[in-house]
Amino acid sequence: MGIAREVFGDALPVAERYAAFLADAGVERGLIGPREVDRLWERHLINCAVVAEAIPDGAQVVDIGSGAGLPGVVLAIVRPDLRVTLLEPLLRRTTFLNECVDMLRLPNVEVRRARAEDVADEFSVDVATARAVAPLERLAKWALPLLRPGGELLALKGERAAAELEEARPVLTRFGVRTTELLQVGRGMVDPPTTLIRVVADREVVRDGAVGRQQRAPRRAKGSRKRSS
């Protein structure tokens with residue numbers, strides 16, 4: 001917990017409530033495996049929280065396939081300056097996420113039930129995050145259309161990060177990405193450090209097989225929720 005205090009600071013009590021909710025309702029509803037409870041902090045919460053090192057101040061973030069809120073909820077807790085949209089297509093998961101947002105009183109979070117590919121024209125964000133959603137080759141097709149020019153996809157990956165990046169090169173080239181790189185964050189806090197694939201969008205992205213212009217910032221949509229206080 002010493003590392004948790006260092007990572008979360010004054011937000012640690014909120015992170016503790018979230019951990020307790022994951023260990024209880026998260027397990028009961030099948031969002032977290034029972035075997036993960038004993039390692040929630042090092043394997044999940046801290047592992048996700050250190051991603052904040054790679055996100056600029058005041059960024060607008062969309063967390064694709066948010067599931068139980070990893071990393072989206074964690075980033076919103078540790079970085080209240082971020083504006084986070086939790087994008088998740090499954091009703092039982094968005095129900096869980098809405099309960100999380102209400103319980104934790106996170107004014108900087110919106111929950112949206114949708115698939116990324118269905119709402120690409122509604123988003124133009126600074127950062128897209130994803131953890132354990134899909135191989136980069138598929139994830140890039142969903143994430144890059146959500147980014148503003150120069151926006152970044154930060155994909156949390158494991159041992160196959162370098163291989164996934166190489167396998168996705170044809171797709172990334174077709175999307176005209178600006179740069180790609182492998183990053184490790186959280187050194188000295190998580191072992192091993194969290195591995196990220198960072199993909200930076202160029203000025204144009206491919207949508208529906210053609211080059212299209214970036215769209216407006218996210219708008220409130222029917223079925224989405226956002227706390228004002």
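The structure, a predicted model, holds two aromatic pairs, where rings of Phe, Tyr and Trp (its six-membered ring) pair if their centres lie within 6.5 Å, with planes under 30 degrees apart counted as stacked, over 60 as edge-to-face and the rest as tilted. Because the model is predicted, local features need pLDDT of at least 70 and side-chain atom pairs count only at pLDDT 80 or more, while totals for chains, interfaces and linings use all residues. Residues are numbered from 1 along each chain as its sequence is written, and side-chain values use heavy atoms, with hydrogens and water left out.

**Overall make-up**

- The chain has eight helices and ten strands, which are DSSP runs numbered from the N terminus (helices are H or I with at least four residues, strands are E with at least two).
- Of the 229 residues of the chain, 55% count as buried, where buried means under 20% relative accessible area, exposed means over 50% and partly exposed lies in between (1.4 Å probe, protein chains only).
- Among the contacts in the chain with a separation of 6 or more, 69% are between residues 24 or more positions apart, a contact being heavy atoms within 4.5 Å.

**The two aromatic pairs**

- The structure's two aromatic pairs include the one formed by Phe-8 and Trp-41, which is edge-to-face, with 6.0 Å centre to centre and 85° between the planes.
- Phe-8 lies in helix H1 (residues 2-8) and Trp-41 in helix H3, so this pair ties together parts that are 33 residues apart in sequence.
- Phe-8 is buried at a relative accessible area of 5%, and Trp-41 also counts as buried, at 17% relative accessibility.
- Phe-21 and Phe-96 form an aromatic pair that is stacked, with 4.8 Å centre to centre and 15° between the planes.
- Since Phe-21 lies in helix H2 and Phe-96 in helix H5 (residues 91-104), the pair ties together parts that are 75 residues apart in sequence, and both Phe-21 and Phe-96 are buried.

**Nonpolar cores**

- The largest nonpolar core has 53 residues, and those with the most contacts inside it are Phe-8, Tyr-18, Leu-45 and Ile-77; such a core is a set of buried Ala, Val, Leu, Ile, Met, Phe, Trp, Tyr and Cys residues joined through side-chain atoms within 4.5 Å.
- Helix H2 gives the most to this core, with eight residues.
- A second, separate core of 30 residues includes Phe-123, Ala-143, Leu-165 and Val-171.
- Leaving out residues up to four places away in sequence, Ile-77 touches Phe-8, Ala-11, Val-14, Ala-15, Tyr-18, Leu-104 and Leu-106.

- Glu-36 lies in the loop between helix H2 (12-28) and helix H3 (40-49), and at 14% relative accessibility Glu-36 counts as buried.
- The side chains of Glu-36 and His-44 are joined by a polar contact of 2.7 Å, meaning a pair of N or O atoms within 3.5 Å; within protein, one must be able to donate a hydrogen and the other to accept it, and residues adjacent in sequence count only if both atoms are side-chain atoms.
- Arg-198, placed in strand E7 (residues 194-200), counts as buried at 17% relative accessibility.
- The side chain of Arg-198 reaches the backbone oxygen of Ala-54 at 3.4 Å.
- Arg-198 and Leu-154 are 44 residues apart in sequence, yet they are 4.8 Å apart in space, C-alpha to C-alpha.

**Positions annotated in UniProt**

- The UniProt annotation "binding site", from an unreviewed entry, covers Gly-65, Leu-70, Ala-116, Glu-117 and Arg-131; UniProt positions are given in the numbering used here, feature names are shortened, and annotations may be inferred rather than shown by experiment.
- Ala-116 is in the loop between strand E3 (109-112) and strand E4 (125-131), and at 5% relative accessibility Ala-116 counts as buried.
- Not counting residues up to four places away in sequence, Ala-116 touches Ile-64, Leu-87, Trp-142 and Leu-146.
- Arg-131 lies in strand E4, and its side chain reaches the backbone oxygen of Arg-43 at 2.8 Å.

**Cysteines**

- The count of disulfides comes to zero, with a disulfide taken as a pair of cysteine sulfur atoms within 2.5 Å.
- Cys-48 is buried, with a relative accessible area of 0%, and Cys-100 counts as buried at 0% relative accessibility.
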